[in-house]
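Hi,

Here is the structure I said I would pass on.

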Amino acid sequence: MKKLYKLLRVKHYIKNFIIFAPLLFTTKLENITNISNVFKIFVIFCILASIVYILNDLVDIKADKLHPKKKRTKPLASGLIDLRYAKIILFCLIICQIILLYYFPKFVEVSLIYILLNIAYSYLLKNIFLIDILSLSLNYLIRVYAGCVALEVSLSNWMAITIFSGALTISSIKRERELFLYGYKARKVLKFYSGKILSLITILTSILSVAFYSLYVIYSNERMFLTIPLIIYGIFRFTYRSKSKDFTDSPVEEILKDKQNYLIIFFWLIIVIFYN
């Protein structure tokens, strides 16, 4: 079971919670049907994400075996899971996904966009300077768009640019840490980056994230004004922590590791639910 947990990267399902963002920022939170629809697409995206993760591991297995960390932590590169077993799991997930999309056809388009983007990333985009982090960041935007599709609402421009800026911060921090910890040999694209460039991108995008979120709240729902200090603190703390020596190359794990994030999320949710 532990092997399967690692192969599916269940820990990374936390990224999919952003699908609920449109629900929290609209008046549709009171409708049980809307909550159910968003939860359904959350499940669909968790399965879809695991399909992408396994595909990526299969494509990168040779490179991962040469990586100082991935050769020990990735289930396929480390030999923890047999290739045949991984392919069987992948096949089962794809069948499961097709069945789910048959019953929820309005999610087909979003799912195809997500899978095609990630296939393009695995084979090409991850090796192109700047395009790699832009592609990673688009995944978060697609998730939010999926939440909008579930609610049958339009994606707000303010929400889109806020999410994309925050995702760029996470993606640039990931590349910055990879470069710091493993050097240019960790990824082909890292030879085009430098610590200064990535640090600059991180700082700029974190500031933009705060600015766009603040403007989004002011123009969309001033009653959630109290969430702005929480977001400022959370983003700047995360950016500050990313400069420490013990910070890993997995932003998701670092977010889960920091207990203060749970308090920030708790108070943010309280304000959003009661003042929306």
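Predicted model: local features only at pLDDT ≥ 70, side-chain atom pairs only at ≥ 80, totals over all residues.

Let's start with α7, which runs over residues 108-123. The buried residues of α7 are Val110, Ser111, Tyr114, Ile115, Leu117, Asn118, Tyr121 and Ser122. Because they cover an arc of only 160° around the axis, they sit on the same side of α7. Turn to the other side of α7 and you find Glu109, Leu116 and Tyr123, which are exposed. As for what the buried residues of α7 pack against, the partners are α3 (32-59), α6 (83-103), α8 (131-151) and α9 (157-182).

You can tell a similar story for α6. Buried in α6 are Ala86, Ile89, Leu90, Leu93, Gln97 and Leu101. They take up an arc of only 105° around the axis, so they are on the same side of α6. Arg84, Lys87, Phe91, Ile98, Tyr102 and Tyr103 are exposed on the other side of α6. The buried residues of α6 pack against α1, α3 and α7.

The largest pocket holds about 1,300 Å³. There are 33 residues in its lining, and those nearest the centre are Ile18, Ile163, Ile231, Ile255 and Ile265. Two or more lining residues come from each of α2 (21-24), α9, α10 (195-220), α11 (227-241), α12 (251-257) and α13 (259-275). The biggest giver to the lining of the largest pocket is α9, with 7 residues. What kinds of residue line the largest pocket, by class? The lining has 25 nonpolar, 7 polar and 1 charged residues.

The second largest pocket has about 970 Å³ of space. Its lining has 36 residues, and Arg9, His12, Lys74, Lys174 and Ser250 lie nearest the centre. At least two lining residues of the second largest pocket come from each of α1 (2-8), α3, α5 (70-73), α7, α8, α9 and α12. By class, this lining divides into 12 nonpolar, 8 polar and 16 charged residues.

**Two residues with a positive phi**

Most residues other than glycine have a negative phi. Arg9 is not a glycine, yet its phi is positive, at about 55°. You will find Arg9 in the loop between α1 and α2. Arg9 counts as buried because its relative accessible area is 17%, and the cut-off for buried is under 20%. Recall that Arg9 is also among the residues nearest the centre of the second largest pocket.

Glu152 also has a positive phi, near 60°. Glu152 is in the loop between α8 and α9. Is Glu152 buried or exposed? With a relative accessible area of 66%, Glu152 is exposed, since exposed means over 50%.

Ala146 is in helix α8, and its relative accessible area of 0% makes it buried. Leaving out residues up to four places away in sequence, Ala146 touches Ile41, Phe45 and Val110. Val110 is one of the buried residues of α7. Ala146 and Ser165 are 19 residues apart in sequence, and their C-alpha atoms are 18 Å apart in space.

Gln260 belongs to helix α13. Its relative accessibility is 31%, so Gln260 counts as partly exposed. Which residues does Gln260 touch, not counting residues up to four places away in sequence? They are Tyr233 and Arg237. Gln260 and Phe91 are 169 residues apart along the chain, and 39 Å separates their C-alpha atoms. Phe91 is one of the exposed residues of α6.

Cheers

Terms used: Residues numbered from 1 in each chain as written. Heavy atoms only, no water. Helix = DSSP H or I, 4+ residues; strand = E, 2+ residues; numbered from the N terminus. Expected span 1.5 Å × (residues − 1). Buried < 20%, exposed > 50% of the residue type's maximum accessible area, 1.4 Å probe, protein only. Arc of directions from axis to C-beta. Contact = heavy atoms within 4.5 Å. 1 Å grid on protein atoms, 1.4 Å probe; cavity = no way out; pocket = protein on both sides within 12 Å on 5 of 7 lines; lining within 4 Å. Points joined across faces, edges and corners; volume = space filled by probe spheres on them. Nonpolar A, V, L, I, M, F, W, Y, C, P; charged D, E, K, R; others polar.
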